[in-house]
Amino acid sequence: MAKTKSALVYPSLLSADFSRLGEEITAVENAGARGIHFDVMDGHFVPNLSFGAPVLERIRSVIKTEADCHLMVTEPEHLLESFAKAGADRITIHVEACRDIQRALQKIRSLGVKAGISVKPGTSLDEITPLLGLVDLVLVMTVEPGFGGQKLIPHTLEKTAKLRETLDRSAQHRSILIQVDGGIDGTTAHDAIAAGADIMVAGSYVFKSKNYADAIRSLIQTP
């Protein structure tokens, strides 16, 4: 497996204390987070509900790093403009959720926002290979999307390593980042980095810890 030089941690607000989101964001950023992951769920594409663009708009001024929005929704096209206006730095959508994924990615880019594409554990990388020229990030889901606190599915790291090899073989695609999300903890994080992940999304592991800085440090330090 390839090994990246370093990796970044983006805590997922899904596991934060919703009654004090502003404080939570400031705390994890001060602890070393390089971005804030904003999970959006519609109760249809995934069996859970979370929050939408109005929440992002209210907390955007608190975020000093990157507002990284992951839309786990069916037909996300109708939400792209609202999230861009709310202050998203990047919007990631699922290849499984769009009627016209190419058009949706082009729309994100036209709004002046970075574009990401995500694949569920059972989705082949072949589904996104023709679309790599339209994205700056690929999110490999390492659990089935919809709930926090799940265990990482081992074969998803094999998929991550395969994607890393594909990107590294192409000068055009070498700058595309790989993000992994699901079951990331002090053990699986090092496996994810070894597989080629650039960004790790960690929710419960960070926000349920007693010390955010220690938790984030443990994700990126070599054991």
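Helix α4 (residues 101-110) lies across β4 and β5, running at about 150° to β5. Contact here means heavy atoms within 4.5 Å, and axes are lines fitted to C-alpha atoms, for helices over the stretch in contact, with angles from 0 to 180 degrees between N-to-C directions. Helices (H or I, at least four residues) and strands (E, at least two) are DSSP runs numbered from the N terminus. Please keep in mind that this is a predicted model, in which local features need pLDDT of at least 70 and side-chain atom pairs count only at pLDDT 80 or more, while totals for chains, interfaces and linings use all residues. Residues are numbered from 1 along each chain as its sequence is written, and side-chain values use heavy atoms, with hydrogens and water left out.

## The sheet and its helices

The strands belong to an open sheet of eight, ordered β1-β8-β7-β6-β5-β4-β3-β2 with parallel pairing. At the edges are β1 (8-11) and β2 (36-41), each of which pairs on one side only. From one strand to the next, the twist averages 25°. Two strands are taken to pair if DSSP finds at least two bridges between them.

## Strand β4 and its neighbours

Let us follow β4 across the sheet. Strand β4 (residues 90-94) is joined to β5 (residues 114-119) by five bridges, and the two run parallel; Ile91 stands opposite Ala115 in β5. On another pairing, β3 and β4 also run in the parallel sense, over four bridges, with His70 opposite Thr92 in β4.

How many of the five residues of β4 are buried? Five of the five are, so β4 is largely enclosed by the rest of the structure. Buried means under 20% relative accessible area, exposed over 50%, and partly exposed in between (1.4 Å probe, protein chains only). Both faces of β4 are covered, with Arg90, Thr92 and His94 buried on one side and Ile91 and Ile93 buried on the other.

## Salt bridges

A search of the whole structure finds 12 salt bridges, each being a side-chain nitrogen of Lys or Arg within 4 Å of a carboxyl oxygen of Asp or Glu. Three of them are set out here.

| Pair | N to O distance | Relative accessibility |
|---|---|---|
| Asp68 and Arg90 | 3.0 Å | Asp68 0%, Arg90 1% |
| Glu81 and Lys85 | 3.3 Å | Glu81 37%, Lys85 66% |
| Asp168 and Arg164 | 3.4 Å | Asp168 33%, Arg164 6% |

The side chains of Asp68 and Arg90 meet in a salt bridge. Asp68 lies in strand β3 (residues 67-72) and Arg90 in strand β4, so the pair ties together parts that are 22 residues apart in sequence. Asp68 counts as buried, and Arg90 counts as buried too.

The helical pairs have another layout. Glu81 and Lys85 are four residues apart in helix α3 (residues 80-86), which means that about one helical turn separates them. Glu81 is partly exposed, whereas Lys85 counts as exposed. In helix α5, Asp168 and Arg164 are likewise four residues apart, or about one helical turn. Here Asp168 counts as partly exposed, while Arg164 is buried.

What is the nearest side chain of opposite charge to Asp39? Asp39, found in strand β2, is buried yet has no salt bridge, and that nearest side chain is Arg90, 11 Å away.

The side chain of Asp39 does make a polar contact with the side chain of His70, at 3.3 Å. A polar contact is a pair of N or O atoms within 3.5 Å; within protein, one must be able to donate a hydrogen and the other to accept it, and residues adjacent in sequence count only if both atoms are side-chain atoms. Leaving aside residues up to four places away in sequence, Asp39 touches Ser12, Leu14, Ser50, Phe51, His70, Met72 and Asp181.

## An exposed glycine

Finally, Gly149 is found in the loop between β6 and α5. At 63% relative accessibility, Gly149 counts as exposed. Gly149 and Gly203 are 54 residues apart in sequence, and 7.6 Å apart in space from C-alpha to C-alpha.

Terms used:
Lys and Arg count as positive and Asp and Glu as negative; His and the chain ends are not counted.
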